[in-house]
Amino acid sequence: MSPDVRRVDPVAAAEVVVEGAIPVSEVDLAVSVGKLRLASPVLTASGCFASGAEIDRFHDISDIGAVVVKSVTVEPREGLPTPRMAETPSGMLNAIGLQNPGIDAWLARDLPYLQGRGAATVVSVAGKTVEEFRDVARKLRRAGGVVALEVNLSCPNVEHRGLVFATDPRQAAEVIAAVKREADVPVLAKLTSDVTDVVTVATAVVEAGADGLTLINTVLGMAIDAETGRPRLSNTYGGLSGPAIKPIALRNVHQVHAALPDVPIIGCGGARSATDVVEFLRVGASAVQIGTATFVDPFVHRTVTDDLRRWLAQRGITSPEELRGQVEAW
Amino acid sequence: MSGAKVRVGQVMGRSDPSLPVKAVCEVLARRRQGAYWMLSISAPEIADRAEPGQFVNVAVEARGALLRRPFSIARVSKQGPFAGTLDVAFDAHGPGTEWLTTLEPHDVLDVVGPLGNPFPLPKRKVPCLLVGGGYGTAPLFFLADRLVRDGQRVDLIVGAASQARLLDVIEAKRSSASVTFTTEDGSYGERGRVTDVLEEVANRCGSGVVYACGPNPMLRAVSEKCVELELPVQVAVEEHMACGVGVCWTCVVPIRAKDGAVRMKRSCIDGPVFNGAKVAWEESRYRSGPAVPDEEPDEDEAPGRLTDADVWGEA
């Protein structure tokens, strides 16, 4: 890969000297998500980073804490018809329908690329049945460069709500137990906020063996054209993402962290800046996924990582882990 | 996104000239063009790397608007007094594009580009017919300039609903050997659609290849007409896209591969230029497109029709 061109305004980039600040070089961004050790708490979000090669055209993806790839299923999937996207205030709806090349093609084509780039890879695993999740996990055994599996129990764009495993604690636990039996790396359960009590589901998947949780997936939503009366997505419903859902994501992370303080959580939902990352850490996350913001700025992970390092240095904080769960009560 | 103030001249990206960059650019001019708007921006790194058919993705600051807006590149100036500038044409039909109409010279724009695959250029001398609909004509001006520079004959068909929606009539005349205008209301040029005149123009100009850009129903009609006339056709599609860089999978187009199977390809990174004969127009939402004129095929086929392999060197 060619070196970077990066012409930055020296005035805008100048260090602000604050009392109590430490040099940026003294900040160590490495974090632990349970047994998983990551070089940075800034990760990509599944479905927002394709296979990795697309963004590597802009900057080195190996600088990112972990690349969480688009969900992979046993068989290839063509996904849903267009329109698949609708912009909404401070967010967007999508209904892609888990388009992916299937685990065999992914292993043959996408994984070698990520290995070659030296990216820590988290594979998002999806399926329609417990067996499908299990089969994908089985094929991922001994896959070099894969540091964790993220079990997508919560994609909203499936044929019926019964397929959103994370809406039912028993079904969610069954999938996690099946994946856990196959996996040789930590297993994360990605849950949805579209439930009455997220703590119940979180408890069930942790008891089934989940090593950590990713909170949250997109929130089920809808948009319709006032004039034509036509839904703006071919699938009628879609997943809402972007800054619009950040408060929902923060609330979920906070609730689950309060109930299960020892369970590692990866925050996800609307984060797009270093301060967003800090907010997720404070409510209990160990790492944070940045998803929809990638669509707006292909450099967002790099920029947020640099800004986070500066933010911590200016406050004399050497590790993002110091912030985990640091909520000041009223 | 970053706390740092955005200043003109910031560029981020790889030094490889085949790859896109992100640049903070200065607006040079904004002007009305019939029913549309034209923006000229100073973006040296992007202009240098741009090829006809590629697009830029522009951040907008309209209230509540999150995503960038994609625009095909209408022209770049790589040399001369306006070196390093590029033009985009757009229709103000939403809060993002409305915001763009309020920009003044010296305002700053955050632009990612050039994105997407350019129009493939003929590997041999062949008269080229360029067919544009509405503001979709924009990238064809850039393409026409390139083809003319390469010594190709360029003929244009420019169509729209009405005269005001024909993009830049003067520019169309300047950049081509001949231009045929069509309007659906007959307010300028021939009354009708571009496909009503396509066969006659192609025969008159001896066209060997067709390039088209415009609304998808028009691209479907043009592609089907070209298949019937056995003319190689390349189309630049317009699909709703969230990211423009290949990661969101929203802008897919059904493409029929050699094995006959239809696959959903991303128009931002696998396109926006596709072989019009390979787009599975009947799939998905294209089913609702307009009926294609059902004319008898020309019986005495012009000699020496070029195949895709002749023109693009495909296997």
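In chain A of this predicted model, helix α5 (residues 169-182) packs against helix α6 (residues 198-207) at an angle of about 30°, with the axes 8 Å apart. The axes are lines fitted to C-alpha atoms over the stretch in contact, and angles run from 0 to 180 degrees between N-to-C directions. α5(A) and α6(A) are therefore roughly parallel (angles under 35 degrees). Their contact (C-beta atoms, placed from the backbone, within 7 Å) involves P169(A), R170(A), A172(A), A173(A) and I176(A) of α5(A), together with T200(A), V201(A), A204(A), V205(A) and E207(A) of α6(A). By class, these are 7 nonpolar, 1 polar and 2 charged residues.

Residues are numbered from 1 along each chain as its sequence is written, and chains are lettered from A in the order in which they are written. Local features need pLDDT of at least 70, side-chain atom pairs count only at pLDDT 80 or more, and totals for chains, interfaces and linings use all residues.

Helix α8 (residues 274-282) of chain A and helix α10 (residues 300-314) of chain A pack at about 65°, with axes 8 Å apart. That makes α8(A) roughly perpendicular to α10(A) (65 to 115 degrees). A274(A), T275(A), V277(A) and V278(A) of α8(A) meet V304(A), D307(A), L308(A) and W311(A) of α10(A).

The largest nonpolar core has 201 residues; such a core is a set of buried Ala, Val, Leu, Ile, Met, Phe, Trp, Tyr and Cys residues joined through C-beta atoms within 7 Å. Among the residues with the most contacts inside this core are A172(A) and I176(A), both of which also take part in the contact of α5(A) with α6(A). V67(A) is another of these core residues; beyond four places in sequence, its contacts include F49(A), I61(A), L114(A) and V122(A).

Most residues other than glycine have a negative phi, and most peptide bonds are trans. The exceptions below depart from this pattern.

| Site | Feature | Value |
|---|---|---|
| L215(A) to I216(A) | cis peptide bond | omega near 10° |
| G271(B) to P272(B) | cis peptide bond | omega near 5° |
| T236(A) | positive phi | about 65° |
| W249(B) | positive phi | about 65° |

T236(A) lies in the loop between β12 and β13 (237-241) of chain A and is exposed, with 12 other C-beta atoms within 10 Å. W249(B), in the loop between β13 (233-236) and β14 (252-256) of chain B, counts as buried, with 26 C-beta neighbours inside 10 Å. A residue is buried if 20 or more other C-beta atoms lie within 10 Å of its own, and exposed if 12 or fewer do.

Technical notes. Helices (H or I, at least four residues) and strands (E, at least two) are DSSP runs, numbered from the N terminus. Angles under 35 degrees count as roughly parallel, over 145 as roughly antiparallel, 65 to 115 as roughly perpendicular and the rest as oblique. Two residues are in contact if their C-beta atoms, placed from the backbone, lie within 7 Å. Ala, Val, Leu, Ile, Met, Phe, Trp, Tyr, Cys and Pro count as nonpolar, Asp, Glu, Lys and Arg as charged, and the others, Gly among them, as polar.
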